[in-house]
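Here are my notes for you, written as numbered points. Keep the structure open beside them and look up each residue as you read.

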Amino acid sequence: GMNNSLQPDHLTVKLNGSAGQSLGAFAAPGLKLEVHGDANDYVGKGLSGGMITVRPPLGSPLVPHENTIIGNTVLYGATAGRLFANGRAGERFCVRNSGAIVVVEGCGSNGCEYMTGGQAVILGKVGDNFGAGMTGGMAFIYDEAGCFESRANPENIVWIRLASEYWTGVLKGLLEDHLAETRSPLAEDVLRNWDETAGKFWQVCPKEMLERLA
């Protein structure tokens with residue numbers, strides 16, 4: 001259960017290759033899954049406090065942020081825990097996430113749909129209809145290509161450049177964790193050139209949250 005009082009990495013499982021459907025579904029605190037390879041749909045479905053990291057196989061020639069490493073409907077209905085993926089996620093990323101924290105390097109359409117809590121950092125392009133029905137949580141998009149605004153669904157969300165010291169610190173901390181967990185070349189690059197790259201992020205906030213914000 002949620003209150004098993006185990007240390008975050010009480011049990012670490014290291015996997016190589018392709019993980020099938022629902023990797024780490026409902027994973028509880030104390031469990032850490034480290035994948036060198038890729039994973040299918042529903043990674044971290046219902047994630048309940050565990051931690052999942054996915055990175056390309058050692059020696060892979062692929063550019064991580066240009067390639068999908070985890071499938072569709074990642075973190076569906078997750079309540080707590082963390083996911084770091086050194087590559088893109090598919091469609092319906094973070095749908096109904098209510099508390100998990102995640103860094104990925106791009107996602108397909110319908111990202112963060114109906115999200116009610118948690119934090120999502122997307123270091124790269126997002127698909128259409130981003131943030132539809134999003135009522136809670138926070139998302140940060142690294143928009144190097146300058147195309148985020150045409151992909152966002154303006155009905156429930158607003159987006160601004162990084163303005164508050166608090167949220168800038170939250171984002172930077174998550175990028176540092178992502179780099180430590182996955183050795184992401186893009187995260188390393190963004191952090192190294194922070195004075196320049198910080199201005200390319202959007203902070204996406206649900207309209208419902210605006211009056212409650214720190």
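1. How many residues does helix α1 have, and how far does it reach from its first C-alpha to its last? Helix α1 covers residues 165-182, which makes 18 residues, and reaches 26 Å. That is close to the 26 Å expected at 1.5 Å a residue, where the expected span is 1.5 Å times one less than the number of residues. Helices (H or I, at least four residues) and strands (E, at least two) are DSSP runs, numbered from the N terminus.

2. A word on the source: this is a predicted model, in which local features need pLDDT of at least 70 and side-chain atom pairs count only at pLDDT 80 or more, while totals for chains, interfaces and linings use all residues. Residues are numbered from 1 along each chain as its sequence is written, and side-chain values use heavy atoms, with hydrogens and water left out.

3. After α1 comes R183, whose phi is positive, near 55°.

4. A disulfide is a pair of cysteine sulfur atoms within 2.5 Å, and the structure holds 0 of them. C94 is buried, at 0% relative accessible area, and C112 is buried at 0% too.

5. Next, look for the salt bridges, of which the structure holds 8 (a side-chain nitrogen of Lys or Arg within 4 Å of a carboxyl oxygen of Asp or Glu). One of them joins E34 and K14, with the closest N and O atoms 3.3 Å apart. E34 lies in strand β2 (residues 31-39) and K14 in strand β1 (residues 11-19), so the pair ties together parts 20 residues apart in sequence. E34 is buried at 17% relative accessibility, whereas K14 is exposed at 62%.

6. Finally, find D128 and R151, whose side chains meet in a salt bridge (3.4 Å, N to O). D128 is partly exposed, at 46%, and R151 is partly exposed, at 26%.

Note on methods:
Buried means under 20% relative accessible area, exposed over 50%, partly exposed in between (1.4 Å probe, protein chains only).
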